[in-house]
Amino acid sequence: MKTPSRLGVAVVAAITAVTLAGCSSASSTGSGGPAAYATTAAPARSVAAAAFPVTLTAANGAVTIKSRPARIVSLSPTLTEDLYAVGAGKQVVAVDQDSNYPASVPKTSLSGLTPNVEAIARYAPGLVVASQNSGGLVSGMTKLGIPVLIEPAVGTLDGAYAQIDQIGQATGHAAQSAQVVAGMKQQIAADVSKAGTAHKGATYYWELSASPFYSAASSTFIGQVVGLFGLKNIADAASKPADGGYPQLTQEYIVKARPQIIFLADNQPASGGQSPAVVAKRPGWSGIPAVQNHEVIGLNDDVASRWGPRLPQLVGAIATAVEQAPTP
């Protein structure tokens, strides 16, 4: 079962050690290549070659990439999705064990949590991308003359867009990354607009895990995404600075809060298998409006825990739930 620390290493949100992380579930669908991201943006018809060397400012400081990297290693599920979305998939030679989308990614036993510098170096990469600098990754690769971009979990939508843009610049696909971002913004804005404002103020509960119950407050990335619809987060009242925006809630607290919509980011087998049917059978939950009105929404756990090019899919799922919910 996921824990907040597990989530923070790999999704979404803020950004501390307890962020939503890029989990890996058996539910991910889709194939490799640009077509896998057709819902976010069509591939650019002509991609101008980026000027190299290029110097970018990442979480690990200024990083200079001397030439267009022909061999890339990704140690982050989200960054793997970014790479394929911007058209750099053919340059990717290895991804970590949690990267599973698109389906054709060259998955290996490499770990983003405990990276092995020697194992990574065997792939002779011209660039390594990761969400955190652990296990001496940056220093180890720097000694070998291999640039590393550390792109951590983001706290805002703008942060997610900026990372995709930076991945595009780092790989020679700046034009395509700009088009991906534009498509994401357009689709997200359309879904938010379509949902309207009739449900503004409706309460919701975002479940990261059950037994114990962990949620995401409005201060997190996920909280900000749901906040686009004007919903009220029941976790906010229980959130404290020490929990980093991911409070542990009691079952009694959730039942008493009576959320009108429940989002399950733990519904796949690898994440706990908390389906709407399972939720309905929990003691006392049958009286919660979300359960009574069939507004318990099982999400794709991977999409809900990453901050990359499939964000419009997450926003679309939230929009559908909001549209179908009774007016508060």
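This is a predicted model: local features need pLDDT of at least 70, side-chain atom pairs count only at pLDDT 80 or more; totals for chains, interfaces and linings use all residues.
Is S131 buried or exposed? Some notes on this and other places in the model follow.

1. S131 is buried, with a relative accessible area of 10%; buried stands for under 20% relative accessible area, exposed for over 50%, and partly exposed for what lies in between (1.4 Å probe, protein chains only). Its place is in the loop between strand 5 and helix 4. S131 and L79 are 52 residues apart in sequence, while their C-alpha atoms are 7.7 Å apart in space.

2. Residues are numbered from 1 along each chain as its sequence is written, and side-chain values use heavy atoms, with hydrogens and water left out.

3. Other contacts across the sequence are worth a look on your screen. I167, in helix 5 (residues 157–171), counts as buried at 0% relative accessibility. From A88 to A170 the C-alpha distance is 9.8 Å, and the two are 82 residues apart in sequence. A119 in helix 3 counts as buried at 14% relative accessibility; A119 and S109 are 10 residues apart in sequence and 9.4 Å apart, C-alpha to C-alpha.

4. Next, helix 12. With 14 residues (311–324) at 1.5 Å a residue, helix 12 should span 20 Å, and this agrees with its end C-alpha atoms, which are 20 Å apart. The expected span is 1.5 Å times one less than the number of residues. Among the buried residues of helix 12 are L311, P312, L314, V315 and G316; I318, A319, A321 and V322 are buried there too.

5. The backbone has some places that I would point out to a colleague. Most residues other than glycine have a negative phi, and most peptide bonds are trans. F52 and P53 are joined by a cis peptide bond, with omega about 5°, and P53 lies in the loop between helix 1 (4–9) and strand 1 (54–58). Another cis peptide bond joins Y101 and P102, with omega about -5°; P102 is in the loop between strand 4 (92–95) and helix 3 (117–121).

6. Positive phi values come next. A124 is not a glycine, yet its phi is positive at about 50°. A124 belongs to the loop between helix 3 and strand 5 (127–130) and is partly exposed, with a relative accessible area of 48%. S211, also a residue other than glycine, has a positive phi near 55°. S211 is in the loop between strand 7 (203–209) and strand 8 (213–215), and at 59% relative accessibility it counts as exposed.

7. On to the rings. The structure holds 4 aromatic pairs, where rings of Phe, Tyr and Trp (its six-membered ring) pair if their centres lie within 6.5 Å, and planes under 30 degrees apart count as stacked, over 60 as edge-to-face and the rest as tilted. Y204, W206 and F263 form one aromatic cluster. The charged end of R310 sits over the ring of Y101, 3.6 Å from its centre, and R282 lies over the face of W285, at 4.5 Å from the ring centre. A charge sits over a ring if NZ of Lys or CZ of Arg is within 6 Å of the ring centre and within 35 degrees of the ring normal.

How values were computed:
Helices (H or I, at least four residues) and strands (E, at least two) are DSSP runs, numbered from the N terminus.
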